[in-house]
Amino acid sequence: MQNFPKFDYYLCLVSHEPAPNLLPLCDDRFNPKNIILLVSKDMQKKADWLVNALMTKGIARKNIEIIDIKDAYDLSNIMDTAFDIATKYEDKKIAVNLTGGTKIMTLAMYAVFPGLSDIFYYLNQDSQLLWIQKEKIESLTLNSKLKLNAYLTAHGNKLLNDNKPNTSKGLFNLYNNFIKNYSKNEKFIRVLNGVASGCKDSLKAEVDKNTLKQKEICSLFECLDKEGLINFKEGKVEFKDRDVLRLLNGVWFEDYCYHIVQEIHKEQGGIQDLASGLELGRDDYQEQKSCRSADNQGKNDEVDVAFLSNNKLHLIECKACIIKNKDDAKDYINKLLTIKAHCGRETKLAFVSYFKLPITLLNRAKDNNIKIIQATQLASLKTLLKEWINE
């Protein structure tokens, strides 16, 4: 957009969802120097999170002013507060975001800031920013491309750890073989899971004698040996180290899903940020203490694969194990829903499973709008994920 209007201050009304205030301020064309946040009592935490997110974008804390209002539904009081702001900055050009806050707060802003030097804007659900003033200014599509840290911070989360796996070509081809030749390899993954799970205090395990009679299974163990992940000899498996043991006990499937999302980005773009193995802490998570400490119990979550597309968070739970227990199925769905509750209502969820899922999990997923990709569907994983992203 040519002749993008410049402002001295941006006035925002803080509400439950941070995106309407955060996204415009993260568009490089806005280049905000000073920000005023109008905050009601019940939005104090939301304001703190928004400030922290803005700081991750390089905006100095000293340039963000927080102004409290006593009652988000007291029109007279809010108008008085707005008038005080207008008077204090009467020689400054102010842009007022009408998207957040209560309707009463919006009415108060529109009543107090009517001058030509003061411009209102509103962000719709399609990330179209609409200017509202006497002189017509063309609407525009925002260029904001949030990163995971900024997005999660704005929702009161702490990104404790994340991973961007660098899988070798040979290893990825092996994973791809597990997926594309599902009918042949499904039994091997069952065996591999059993072997890896059987290593409790050591890195060694033995393969069942009857299983060793199956050439295809032995051949795949030999492939893992060639990749340097295990030592396979005379039916005995020794994993290289604990990290490899963890990898072959299911993390490989997370890495595979991560790389499929990477390929989607290479083909059609649109993925702003991508990570796997995320560890999230809630707002009151104490980073100086262990995740196992009593103070942190129940205040952290793990996410297998997460990415942002169109500034919407997409979370994927990846499971390479067989889920039979009804309680386990319920727990997996509840875990995703709990994380979503702390990451914004626009968060999209998917559950990707190497094995066929029980009907109880499928029904709960359907009821909660969770995308399911399982078993033989994995051959079309990239296509199915593209459809999910574009929904």
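**Salt bridges and surface charge**

Glu 65 and Lys 88 join their side chains in a salt bridge, with an N to O distance of 3.3 Å. Glu 65 belongs to strand β3 and Lys 88 to helix α3, so this pair ties together parts that are 23 residues apart in sequence. The model is predicted: local features need pLDDT of at least 70, side-chain atom pairs count only at pLDDT 80 or more, and totals for chains, interfaces and linings use all residues. Residues are numbered from 1 along each chain as its sequence is written, and side-chain values use heavy atoms, with hydrogens and water left out.

**Salt bridges**

- A salt bridge here is a side-chain nitrogen of Lys or Arg within 4 Å of a carboxyl oxygen of Asp or Glu, and the count by this rule is 15.
- Side chains of opposite charge can pair when their charged atoms come close.
- Glu 65 is partly exposed at a relative accessible area of 22%, while Lys 88 is exposed at 52%; buried means under 20%, exposed over 50% and partly exposed in between (1.4 Å probe, protein chains only).
- Another salt bridge joins the side chains of Asp 27 and Arg 29 at 2.8 Å, N to O.
- Asp 27 counts as buried because its relative accessibility is 2%, and Arg 29 counts as buried at 18%.

**A link between two helices**

- The side chains of Glu 267 and Lys 386 form a salt bridge of 2.7 Å, N to O.
- This pair links distant parts of the chain, 119 residues apart: Glu 267 is in helix α10 (residues 242–268) and Lys 386 in helix α13 (residues 381–390). Helices (H or I, at least four residues) and strands (E, at least two) are DSSP runs, numbered from the N terminus.
- Glu 267 is partly exposed at 47% relative accessibility, and Lys 386 is partly exposed at 21%.
- A network of salt bridges connects Glu 263, Glu 267, Lys 382 and Lys 386.

**A buried histidine**

- His 314 sits in strand β14 (residues 312–319).
- With a relative accessible area of 1%, His 314 is buried.
- The His 314 side chain reaches the backbone oxygen of Lys 312 at 2.9 Å.

**Asp 74**

- Asp 74 lies in the loop between β3 (64–69) and α3 (75–88).
- Its relative accessibility is 32%, so Asp 74 counts as partly exposed.

Technical notes:
Polar contact = N/O pair within 3.5 Å; in protein donor to acceptor, adjacent residues only side chain to side chain.
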